[in-house]
Amino acid sequence: MRHAEQVLEAIVEPRGELASRTLAMPADTNPTGDIFGGWIMSQVDVAGSIPALRLARGRIATVAVNSFTFKQPVLIGDLVSFYADIVRVGRTSITVDVEVYAQRRTLHEAVKVTEATLTYVAVDDERRPRPVNQESS
């Protein structure tokens with residue numbers, strides 16, 4: 001990615017609510033020393049589930065990762081923020097966009113490092129799909 005595109009990514013405002021924030025730690029790295037993509041994917045799933053849980057007013061399950069793009073690496077010591085925005089509500093499903101920003105230890109701006117779209121389904125106690133309670137939003 002060219003420097004000008006990196007700067008532009010840094011000043012774009014995140015969409016959605018701040019769902020989660022954490023510090024990238026050495027234990028979360030892959031063999032090359034960057035933060036492991038699977039760790040980021042797990043954090044994205046948790047962050048996306050927060051507004052879905054609120055809307056569903058009960059148990060949900062992740063049913064699809066519709067898209068997942070790693071734009072830049074996450075580095076040890078980055079303050080990583082996850083912003084979640086509900087983009088679609090079906091009869092039993094909720095689709096959420098998640099944008100991930102990393103504030104580097106050496107920079108004051110946060111850069112967008114990942115974006116993803118996930119779909120969750122509201123489920124009952126037997127883990128069967130149930131209607132989403134749309135009146136709870």
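Predicted model: local features only at pLDDT ≥ 70, side-chain atom pairs only at ≥ 80, totals over all residues.
Reader: What is the phi of Arg127, which is not a glycine?
Author: Most residues other than glycine have a negative phi. Arg127 is not a glycine, and yet its phi is positive, with a value of about 65°.

Reader: How do the elements of the protein chain run from the N terminus on?
Author: The protein chain has two helices and five strands. Taken in order from the N terminus on, these elements of the protein chain run α-β-α-β-β-β-β.

Reader: What percentage of contacts in the protein chain between residues at least 6 apart in sequence join residues at least 24 apart?
Author: The protein chain has 137 residues, and buried residues make up 41% of them. When the contacts between residues at least 6 apart in sequence are considered, the share that joins residues at least 24 apart is 70%.

Reader: How far does helix 2 reach from its first C-alpha to its last?
Author: Helix 2 covers residues 37-56 and therefore has 20 residues, and the expected span is 1.5 Å times one less than that number of residues. The reach of helix 2 from its first C-alpha to its last is close to this expected span, at 28 Å.

Reader: At which residue does helix 2 bend?
Author: Helix 2 bends by about 30°. A proline, Pro51, follows within four residues of the place of the bend, which is Ile50.

Reader: Which strands do the buried residues of helix 2 pack against?
Author: The buried residues of helix 2 include Trp39, Ile40, Val44, Ala47, Pro51 and Leu55. An α-helix has 3.6 residues a turn, so residues three or four places apart point the same way. The buried residues of helix 2 pack against strand 1, strand 2, strand 3, strand 4 and strand 5.

Reader: What is the relative accessible area of Leu118?
Author: Leu118 lies in strand 5, and its C-alpha atom is separated by 7.4 Å from that of Thr62, 56 residues apart along the chain. Not counting residues up to four places away in sequence, Leu118 touches several residues, among them Val44, Thr62, Val65, Ile94 and Val98. Leu118 is buried, because its relative accessible area, below the cut-off of 20%, is 2%.

Reader: Which residue forms a salt bridge with Arg54?
Author: The structure holds nine salt bridges. In the one that Arg54 forms, the closest N and O atoms are 3.0 Å apart. The pair links distant parts of the chain, 37 residues apart, with Arg54 in helix 2 and its partner in strand 1. That partner counts as partly exposed because its relative accessibility is 31%, and its name is Glu17.

Reader: How far apart are the closest N and O atoms of the salt bridge that Asp78 forms with Arg104?
Author: Both Asp78 and Arg104 are buried. Asp78 lies in the loop between strand 2 and strand 3, and Arg104 in the loop between strand 4 and strand 5, so that this pair, by 26 residues, links distant parts of the chain. A salt bridge needs the two atoms within 4 Å, and here the closest N and O atoms are apart by 2.4 Å.

Reader: Which residues do salt bridges that share partners join into one network?
Author: Arg128, which is partly exposed with a relative accessible area of 48%, forms a salt bridge with Asp124, the closest N and O atoms being 3.6 Å apart. Elsewhere, salt bridges that share partners make one network, joining Arg15, Asp85, Asp97, Glu99, Lys112 and Glu115.

Reader: How much accessible area do the residues of the nonpolar patch on the surface have together?
Author: Leu23, one of the residues of the patch, lies in strand 1 and is partly exposed, with a relative accessible area of 40%. Leu23, Met25 and Leu79 form the patch, and their accessible area together is about 240 Å².

Conventions: Residues numbered from 1 in each chain as written. Heavy atoms only, no water. Patch = residues over 30% accessible without salt bridge, like charges linked within 9 Å, V, L, I, M, F, W, Y side chains within 5 Å. Areas by Shrake-Rupley, 256 points an atom, 1.4 Å probe, with all protein chains shown as cover. Salt bridge = Lys/Arg side-chain N within 4 Å of Asp/Glu carboxyl O. Buried < 20%, exposed > 50% of the residue type's maximum accessible area, 1.4 Å probe, protein only. Bend = angle between axes of the 7 residues up to and from the residue. Contact = heavy atoms within 4.5 Å.
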